[in-house]
Amino acid sequence: MDIKNILDQLDLKKFDCHFVDVRIERTQSSHFMYQNGELTSTGEKPVLGAFVRLYQNGSWFYSSTTAVTELETEIKKLLIQANSNKPKANSYTVPSNNGIHHLINKAEDAFSKIALSEKVKLGDSYLPLFKKIRNVQDSRLMYTDLYKEKFYKSSVGTEFSYDFNQAGIRFHCTLKSGEELFSDGFRNYVTKFSELKNLEKQILDYFDEAQKFLTAETITPGKYKVVMSPEITGVFTHESFGHKSEADFMMGDPEATKEWKMGSLIGSTCLSIVDYGAFDGTSGYCPIDDEGTLAQKNYLIKDGILTGRLHSNHTANVLEEKPTGNARAINFEYEPIVRMTSTYIEGGKTPFNELLKMAEGGIYFYNFKHGSGGSTFTIAPVRAYRIKDGKLAEPVRVSVMSGSVFETLKKIEACGDDFHLESSAFGGCGKMEQSPLPVADGGPSILVSEMQIS
Amino acid sequence: MKHDILTLNEESLSIEVIAGKINSYRNKNITKKGIRLFENNKIYSTSFVGQITDAELLKKAAASKSVGIPFDYTLATNPQLKTFDEESMKAPLTAINEAIELSQERLAKYSNDFVFNGKFERSIHTRTMTSADGMLLERKFAYNEWHYLFKRVGSPNLMDGYFEESGKTLDIKDVFDKNLPYLEAYKTELTFKDGKYPVLFIEGGQLFGKLAESLVAEKYCEGSALFSGKLNTQIFSPQFSLYDVNYSPAHGLYKKFDGEGTIRELSHLPLIEKGMMKNIIADLRTAKKYGVEATGNGQRGSDSAVSTGFNSLVIGAGKRSTQDILNSLDECVVVFMGHGGDFTDKGDFSTPLQLSYLVKKGEIVGRLPQLTVKSTTQDMFGSRLLEIASNGFQKSNLQPSLFSEMDVYVN
């Protein structure tokens, strides 16, 4: 189906409403899973659907539909619904015409072009590896991919299309020795199928290190100095400050902009946090958002000073600021809301070994299971190590590390020189009913003077 | 060719409220289908989103067979069951507007101090499983849900708390009767000391993490779960029972048949009874593989293969009401938000508490500072379990309240 042609034929200016736009998404995804060497799940999922938004009489009216050839009918239905409502003033300032941007360029490497049988064959080739890992009690091998094309058109004339292509493979093991258990996983993110091959050595080395955790002791709860790896820095950035930068949480609060005054010193002076959707080849790639605003490098914090926040057109309207390219929906069934793209702390100059020396008696966190935001953010780590004599020492078991966002931002004492942006094809960011959204996050290793660990 | 077809339809109206005013209306009516072809002991799956006839889907699936999942178990034999809750569907989708109006009335007096943003949704769900051999399983019901996130005016937080409710019918009055006294106490900020306290999570589901793993056949039988090998062993306090519940219309649970067509008439499958581990859940594959009984827990979406999953994990009710227990406790930490916690593989549990209150002898004293609580799976349902209530915090909660002593630290 020629989707661009469908939108070309659709005249959005003819509808008697304040604003209307249409987003069509065509996705093809596939997955498989082996559990303990047995293929238990596999499938391909093609989806084609559209989301229509219409603003009239002071409210938004949305429809998600799979009838992409009948969008005119859908818009007419929304118009009837809108006009049957008690009229309110149209407070929404229509966005500017942001031009026409057709950016589809990944079709050649699209995972949808590769036969499912070839993907499963690759997985099959890795199965013997599990027998080479010591103490495996339970294993999973998971694969997922996604090729998505988005097409958009609005009544002010903005048009775009772009595509997104990613895959991931994950090896998960529960190790057991005596009564001691430890679960851990190796994962790899790629944008080309060939990059999924020849991972054997990395996987074996990874699970070799995991063996040490079988005998690890549980940490004594308390406050510790912490060194975060780039992966942990990424989730910390996303959960601690990224979510707080989403301006929709300020809606309806007349005091919010005073509390979040631009120019306030809110973090350590070595801290700069950025959100930027234009990093191609990452899971946070979003060159233009679902309202047609182009990605831009948004400094949320620059040298410790609050310098920006993330907006949709609506939140930018209300707070009288500019849209930032962060209105995103997880798929055609939902409306765009304010979301992150690739969010990170900018790299510093301190070598990793120096960070360890500065964190004597503290804990180093390497990777994680999940994190969450809020007044107190949390990260549930997988691997953590004690720091002794300026080096990584024995592994330790930790349920969660947590902290007050604002206190922790001020306790960042140093940023490393080992910047890395982390992508994942599994999971993503969850916000209210919309989960998971592909995002990326990262930064350098960082030193925090004190965090609650339990 | 032997096959089954799963058809899911959701029709919904979702209304977003920002600062007490309606911001948007979202209409959705989407059909998703999944087909499984069974051939030479392999399952070939295909899915489709949108309108497509069963005949077209079958043709499409037959043409796209590439990788099959091996299977060696017996499939459900042409089960038939129809669960239509006509009563729940009488009102139109727009009936959800009444809930918005009621909530606006109750919250009006707080609007100078708090911002309330939320969403109200009424939906009709249809799930049908059919096969050419005569399988005909259908359920259809309407469901209502709403939530408000609240935030103190000027608060730097994403949210300071929330109210929510879901089910066949709504009881907005009950939700506000139970929650607003705590909102009133929000501004009374307390200081607190580290120590051991009775703790009540008003949503207790997050406490089950490590235990739940042990109740799934694959993890249990592979020996990789915390309680592997403990069936028919006393692992917790005799006060503690846990069930997998598949049918409770008041709470929107109508899962008498699972994604493989296994019908389970027993609505409450006992997993833990009086502290003793009694059952594990299994789908058809894991039941055959590990020699256990299939329990109607084969979960499947239109685009996913079957996996073993709970319908709803619910604690066995105790004798006294939640409020009676609170009235009897000298001190209790009542947790409204404790997000982001987790377990180690040894069962150690810890979570920060973003919103909790101190209640003394049933009286709300005030809001506690940011805390962290710590326990273990073994302790919270075992030696440190204090009491389980006869009901939940609010009427819409299927889960009775669980009171357990935990180590509490001020952050």
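Hi everyone. Let me open with overall dimensions: chain A has 454 residues, and a compact globule of that length would have a radius of gyration near 22 Å, so the 24 Å found for chain A agrees with that expectation. Please keep in mind throughout that this is a predicted model. Along its principal axes, the C-alpha atoms of chain A fill a box of roughly 70 × 55 × 35 Å. In secondary structure, chain A has 9 helices and 27 strands. Of its 454 residues, 53% count as buried. If you take the contacts in chain A with a separation of 6 or more, 73% of them come from residues 24 or more positions apart.

Now, how is chain A divided? There is a domain 1, covering 3-215, and a domain 2, covering 217-453. Taken over C-alpha atoms, the centres of these two domains of chain A are separated by 22 Å. Their contact takes 32 residues from domain 1 of chain A and 27 residues from domain 2 of chain A. On the domain 1 side, the elements giving two or more residues are strands 1 (19-35), 2 (38-56), 3, 4 (100-103), 5 (136-154), 6 (159-177) and 7 (180-190) of chain A. Which of them gives the most to that side? That is strand 6 of chain A, with 7 residues. By class, this side of domain 1 of chain A has 13 nonpolar, 11 polar and 8 charged residues.

Let me zoom in on a few strands of chain A. Strand 10 (residues 273-275) and strand 11 (residues 298-302) of chain A run antiparallel and are joined by 3 bridges. There, A:Ile273 has A:Ile301 in strand 11 as its bridge partner. Strand 11 of chain A also pairs with strand 12 (residues 305-306) of chain A, in the antiparallel sense, over 2 bridges. A:Ile301 turns up again here, with A:Leu306 in strand 12 of chain A as its bridge partner. The hairpin of strands 11 and 12 of chain A has 2 residues between the strands, and in it A:Asp303 takes a positive phi near 50 degrees.

On to the cores. In soluble globular proteins, nonpolar side chains tend to be buried together. The largest nonpolar core here has 92 residues, and A:Val226, A:Val227 and A:Ile363 are those with the most contacts inside it. Leaving out residues up to four places away in sequence, A:Val227 touches A:Leu355, A:Leu356, A:Ala359, A:Gly362, A:Tyr364, A:Ile387, A:Ser445 and A:Leu447. Apart from that core lies another one of 62 residues, among them B:Ala287, B:Ile325, B:Val335 and B:Phe403.

That brings us to chain B. Its domain assignment gives domain 1 (2-185), domain 2 (186-206 + 317-410) and domain 3 (208-315). The C-alpha centres of domain 1 and domain 2 of chain B lie 29 Å apart. Between these two, the contact takes 14 residues from domain 1 of chain B and 13 residues from domain 2 of chain B. Strand 8 (161-167) and helix 3 (172-184) of chain B are the elements that give two or more residues to the domain 1 side. Helix 3 of chain B gives the most, with 6 residues. That side has 5 nonpolar, 3 polar and 6 charged residues by class.

Strand 10 (residues 242-245) of chain B pairs with strand 17 of chain B over 3 bridges. In that pair, B:Tyr243 stands opposite B:Val314.

Finally, how do the chains meet? The contact takes 55 residues from chain B and 62 residues from chain A. Several elements of chain B supply at least two residues of its side, including strand 3 (42-49), strand 6 (114-130) and helix 5 (217-222). Strand 2 of chain B gives the most, with 8 residues. By class, the chain B side has 18 nonpolar, 24 polar and 13 charged residues. Strand 2 of chain B also runs parallel to strand 3 (residues 59-65) of chain A, and 5 bridges join the two. The bridge partner of A:Phe61 there is B:Tyr25.

Methods. Residues are numbered from 1 along each chain as its sequence is written. Chains are lettered from A and ligands numbered from 1 in the order in which they are written. This is a predicted model: local features need pLDDT of at least 70, side-chain atom pairs count only at pLDDT 80 or more; totals for chains, interfaces and linings use all residues. Domain bounds come from an automatic or database domain assignment. Two residues are in contact if their C-beta atoms, placed from the backbone, lie within 7 Å. Helices (H or I, at least four residues) and strands (E, at least two) are DSSP runs, numbered from the N terminus. Ala, Val, Leu, Ile, Met, Phe, Trp, Tyr, Cys and Pro count as nonpolar, Asp, Glu, Lys and Arg as charged, and the others, Gly among them, as polar. Two strands pair if DSSP finds at least two bridges between them. A nonpolar core is a set of buried Ala, Val, Leu, Ile, Met, Phe, Trp, Tyr and Cys residues joined through C-beta atoms within 7 Å. A residue is buried if 20 or more other C-beta atoms lie within 10 Å of its own, exposed if 12 or fewer, and partly exposed in between; C-beta atoms are placed from the backbone. The radius of gyration is taken over C-alpha atoms; the globule rule is 2.2 Å times the number of residues to the power 0.38.
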